[in-house]
Amino acid sequence: MPELPDLEVFSFNLSGRLAGKKVEKLHAIYRKKLKTPEKDLRKSVEGATLTSVYRDGKELHFAFDNGNVLSLHLMLKGQLHLFERTHDEKYPIIEMRFSDGTGLVMTDWQGQATPALNPTAREAPDALSKNVNYSFLK
């Protein structure tokens with residue numbers, strides 16, 4: 001299971017590699033974990049440009065220029081794989097293909113990794129946030 005520092009590094013690296021790219025196609029292969037119908041996910045993400053990738057709790061958030069956010073929670077055994085043109089990764093959950101031929105696929109042999117559209121903000125403080133008010137500890 002990736003821990004918070006791992007997810008910070010993932011978000012930094014993914015943002016550097018993918019920000020500015022336009023999503024050509026989104027495909028939810030393993031729909032069992034979807035909380036939003038695939039057609040709504042596709043409508044919200046396809047044609048949009050990825051502006052940034054950031055960590056929120058134990059999720060990676062992919063922010064797009066149209067205001068939508070795709071959240072990926074890797075759970076215990078989920079993994080992310082970058083690819084050029086095609087991939088042969090086993091156990092894909094969801095995949096994004098960009099207009100330049102690159103792509104990102106989330107896999108999980110346990111089938112627990114979860115994509116979500118426009119997740120709600122958390123009320124709990126983030127463990128790595130520099131903006132946490134610790135006055136409640138006094």
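Predicted model: local features only at pLDDT ≥ 70, side-chain atom pairs only at ≥ 80, totals over all residues.
**The chain as a whole**

- Along its principal axes, the C-alpha trace of the chain spans about 55 × 30 × 25 Å.
- Buried residues make up 42% of the 138 residues in the chain.
- Among the contacts in the chain with a separation of 6 or more, 58% are accounted for by residues 24 or more positions apart.

**Strand β3 and its partners**

- β2 and β3 run antiparallel and are joined by six bridges, and within this pairing Val 53 stands opposite Phe 62 of β3.
- On its way to the next strand, β3 forms a second hairpin, this time with β4, in which four residues lie between the strands and Gly 67 in the turn has a positive phi of about 95 degrees.
- β3 and β4 pair in the antiparallel sense over five bridges, and the bridge partner of His 61 in β4 is Ser 71.
- β4 is in turn joined to β8 by four bridges, again in the antiparallel sense, and here the bridge partner of Ser 71 in β8 is Ala 116.
- In a regular strand the side chains alternate between the two faces of the sheet.
- β3 is mostly covered, with six of its six residues buried: Glu 59, His 61 and Ala 63 lie on one side, while Leu 60, Phe 62 and Phe 64 lie on the other.
- β8 likewise has buried residues pointing in both directions, with Thr 114 and Ala 116 pointing one way and Pro 115 and Leu 117 the other way.

**The largest nonpolar core**

- The largest nonpolar core holds 26 residues, and those that touch the most other members are Phe 62, Phe 64, Leu 70, Ile 94 and Met 96.
- Two or more residues of this core are given by each of α1 (4-18), β1 (23-28), α2 (38-45), β2 (50-56), β3 (59-64), β4 (69-73), β6 (92-98) and β7 (102-107), and the largest share, four residues, comes from β6.
- Phe 62, when residues up to four places away in sequence are not counted, touches Leu 14, Leu 50, Ser 52, Val 53, Asn 68, Val 69, Leu 70, Leu 72, Met 96 and Leu 104.

**Helix α2**

- The buried residues of α2 are Glu 38, Leu 41, Ser 44 and Val 45; seen down the helix axis they fall within an arc of 130 degrees, so they line one face of the helix.
- An α-helix has 3.6 residues a turn, so residues three or four places apart point the same way.
- The exposed residues Lys 39 and Lys 43 are carried on the face of α2 turned away from its buried side.
- The buried residues of α2 pack against β1, β3, β4, β6 and β8, and the helix is followed by Gly 47, whose phi is positive, near 90 degrees.

**Arg 55, a buried charged residue by name**

- Arg 55 lies in strand β2 and has a relative accessible area of 11%, which is under the 20% cut-off, so Arg 55 counts as buried.
- Leaving aside residues up to four places away in sequence, Arg 55 touches Leu 4, Leu 7, Glu 8, Ser 11, Leu 60, Asp 126 and Leu 128.

- Tyr 91, found in the loop between β5 (79-84) and β6, has a phi near 60 degrees, a positive value in a residue other than glycine.
- Asn 118, in the segment after β8 (114-117), is not a glycine but has a positive phi of about 45 degrees, and Asn 118 is partly exposed, with a relative accessible area of 34%.

Technical notes. Residues numbered from 1 in each chain as written. Heavy atoms only, no water. Core = buried A, V, L, I, M, F, W, Y, C linked by side-chain atoms within 4.5 Å. Buried < 20%, exposed > 50% of the residue type's maximum accessible area, 1.4 Å probe, protein only. Contact = heavy atoms within 4.5 Å. Arc of directions from axis to C-beta. Pairing = 2+ DSSP bridges.
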